[in-house]
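Here is a short walk through one protein chain. Start with a single residue, then widen the view.

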Amino acid sequence: MDSFDTIAAIATANGIGSISIIRLSGKDALPLALTLSKRTNLNPRLATLSSIYNSDNEIIDEALLIYFKNPNSFTGEDIVEFQCHGGIAISNIILNELIKLGARLANPGEFSKRAFLNNKIDLSKAEAIAKLIEARSEDAVKLLARQLKGELTNFVNDIREDLLFMLAYTEVSIDYAEDDLPSDIFEQIEKKIEKIVVKLSETLESSKRREGLIEGFKVAIIGKPNVGKSSLLNKLLNFDRAIISDIAGTTRDTIEESVKIGTHIIKIVDTAGIREASDTIERIGIEKSLSAVNEADIIISLFDNSKVCDDEDKKILNILDEIENKEKIIVLNKIDLESKFDKTQLKDEYIELSTKNSISTLVKKIETILDNNSHDDDMTLISKRQVEAVEQTLYHVQEAKTPLMTGELEFFAHNIHEAIENISLITRPYENDQMLDVMFGAFCLGK
């Protein structure tokens, strides 16, 4: 890609609305905007109402033009935004006219890519922008806004600064006499390692706990056939999404829908009844049910109050016992009917309800769990890429402990270098000059 060409794209969603925005970025952004508007100049950061003309000198629309002069723009290049009347036709006509004049259609994410290349944002902020557009809860928006303000960038920079400190002093100790080093330098390094291990471990734990915050928490409903799973799904959605029948095995596949609870959008998965399958199709459905359980953040297990607790119920309870690090809600359904279920089998706290009546206690319980997993100030990683980078950083920092203790400084330096490269992947790739700046800035080596 020619980094100096001019790109254009419609920045608003497809459809009819009051306003549509066409964004233009590059060295020819201002001249192209002046050509379409037949103006001689645009004042930076001042909204200017202007007629827009096509190549046949016909008026297309009246629009607001806003000029952002480089480097004070999102991309770091000249940007002009056309705020025209909403509608597919108008915005496409303006876009096509810009392309006729020499601009090209921007590739997906290219405006953000240019912002990164021009040092206007780092990779963590670029990812936060992309996730913010898809955010499915108020808490996700707040978290991503914190990252746009640089919270993750500062977190990475603090860790990288400590790692660069270790690497710089280690390189010096390898190449120069240890007498020139502070007497407590290795004690300082050990303390920094322990501090980094704690910070990275806590961040990974918090991020995994809140993994569903960005994409939407997933809730799986499990139970044996005919306990009321589909009825519960329909009640939560407030419409008949799943077929309800007394015939066991009616639901043979997982059904997934989204619903808002409190400030959260969650994905609810109704699963096939878990039992000994009577045919191949049902067996596949049950396997998908177990897979949905593994992927879920919250598991709702249903039991039928009007039936005796049998082996199929106990199988569900055994599945729950084997699940770790997931929120589990036990529900005893059909309490409007005569009770036959042995409640002593439900070792944990449970909710009693009837899906024919109110399920407000269950909804409140789900909302409480979601709020507890959302309302904290812990650093949270927002993508698998970020999680993998932190996991690898933690691995290499922990690997560095042994060679530091045994005095094998070359191996120690190798692991710290790997840690720096991995943590830097979150924001901006590491350059060796950063370590040299620390080294030569901290020591007098010209003796």
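Does Glu 349 count as buried or exposed? Glu 349 counts as exposed because its relative accessibility is 69%. Exposed means over 50% relative accessible area, buried under 20%, and partly exposed in between (1.4 Å probe, protein chains only).

This is a predicted model, where local features need pLDDT of at least 70, side-chain atom pairs count only at pLDDT 80 or more, and totals for chains, interfaces and linings use all residues. Residues are numbered from 1 along each chain as its sequence is written, and side-chain values use heavy atoms, with hydrogens and water left out.

Now place Glu 349. It sits in the loop between strand E11 (327–333) and strand E12 (350–352). Helices (H or I, at least four residues) and strands (E, at least two) are DSSP runs, numbered from the N terminus.

Turn next to Ser 37. This residue belongs to helix H1 (residues 29–37). Ser 37 counts as buried because its relative accessibility is 4%. Leaving aside residues up to four places away in sequence, Ser 37 touches Ser 50, Ser 51, Ile 52, Tyr 53 and Leu 65. Contact means heavy atoms within 4.5 Å. Ile 59 is 22 residues from Ser 37 along the chain, and their C-alpha atoms are separated by 9.4 Å.

Finally, take the whole chain. The protein chain has 16 helices and 12 strands. Of its 447 residues, 48% count as buried. Among contacts with a separation of 6 or more, 65% join residues 24 or more positions apart.
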